[in-house]
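Student: Hi! Could we walk through this model together?
Tutor: Happy to. Have a look at it here.

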Amino acid sequence: MTEGTTTSAAAEGVDTLSRLEQEGEIAADYLEGLLDIADLDGDIDMDVEADRAAVSIISDAGSRDLQKLVGRDGEVLEALQELTRLAVHRETGDRSRLMLDIAGYRAKKREELSELGAKAAAEVKSSGEPVKMNPMTPFERKVVHDAVKAAGLRSESEGEEPQRFVVVLPA
């Protein structure tokens, strides 16, 4: 790699980071407005994780009120994430891959799904047979794929939404 290539790669990394930070700021403004309208208390935390803007709504006063924004099985959270992505798209003109978490729901779900993926991988290693899992959302499948990969196996998604599922395959 030449010095010019290194400099442009570093500049590209800075550009990506600033773009993701801008996405997070736009999302935070949108979500603060939503919290005000809904008369809910919550603090907004922004970060960049795995080349995505990550925005979390957290509350010190217990997360019972915020659970309304999570909904059953995260359905409301998924809808709010899509609305927030649309708000970012409206402002930037670029498609957003922003991840939204409310009251730690996604963080807890990520832990559970990682364990589930690891267990499925262990089962495939011991039996040598593929394991088909239950239908999952794209977020859930991604976490399981990552856990399976970390266990040294491979997996793929099959089926059509909303019945799309992960199959863990032998090595």
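Tutor: One term before we start: contact means heavy atoms within 4.5 Å. This is a predicted model, where local features need pLDDT of at least 70 and side-chain atom pairs count only at pLDDT 80 or more, while totals for chains, interfaces and linings use all residues. Residues are numbered from 1 along each chain as its sequence is written, and side-chain values use heavy atoms, with hydrogens and water left out.

Student: Okay, which residues is Glu140 in contact with, leaving aside neighbours within four places in sequence?
Tutor: Lys109 and Leu113. Glu140 itself lies in helix α5, residues 138-150; helices here are DSSP runs (H or I, at least four residues), strands are runs of E with at least two, and both are numbered from the N terminus.

Student: And is Glu140 buried or exposed?
Tutor: Glu140 is buried, because its relative accessibility is 14%. Buried means under 20% relative accessible area, exposed means over 50%, and partly exposed is in between (1.4 Å probe, protein chains only).

Student: Switching to charges: which residues form the negative surface patch?
Tutor: There are several, including Glu21, Glu25, Asp29, Glu32, Asp45 and Asp60. Patches take residues with over 30% relative accessible area and no salt bridge, joining like charges within 9 Å and nonpolar side chains (Val, Leu, Ile, Met, Phe, Trp, Tyr) within 5 Å. A salt bridge is a side-chain nitrogen of Lys or Arg within 4 Å of a carboxyl oxygen of Asp or Glu. Asp and Glu count as negative, Lys and Arg as positive, and His and chain ends are not counted. Each charge is placed at NZ of Lys, CZ of Arg, CG of Asp or CD of Glu, and areas come from the Shrake-Rupley method with a 1.4 Å probe, with only the protein chains shown as cover for residues.

Student: Where does the largest share of that patch come from?
Tutor: Helix α1, with 5 residues. Both α1 (3-38) and β1 (43-49) supply at least two. Glu32 is in α1, and Glu32 counts as partly exposed because its relative accessible area is 40%.

Student: New topic: which residues have a positive phi without being glycine?
Tutor: Ala50, near 50°, and Ala103, about 55°, are examples. Most residues other than glycine have a negative phi, and most peptide bonds are trans.

Student: Where do Ala50 and Ala103 sit?
Tutor: Ala50 is in the loop between β1 and β2 (52-58), exposed at 71% relative accessible area. Ala103 is in the loop between β3 (99-102) and α4 (105-127), partly exposed at 25%.

Student: What joins Glu161 and Pro162?
Tutor: A cis peptide bond, with omega about 0°. Pro162 lies in the loop between β5 (154-158) and β6 (165-169).
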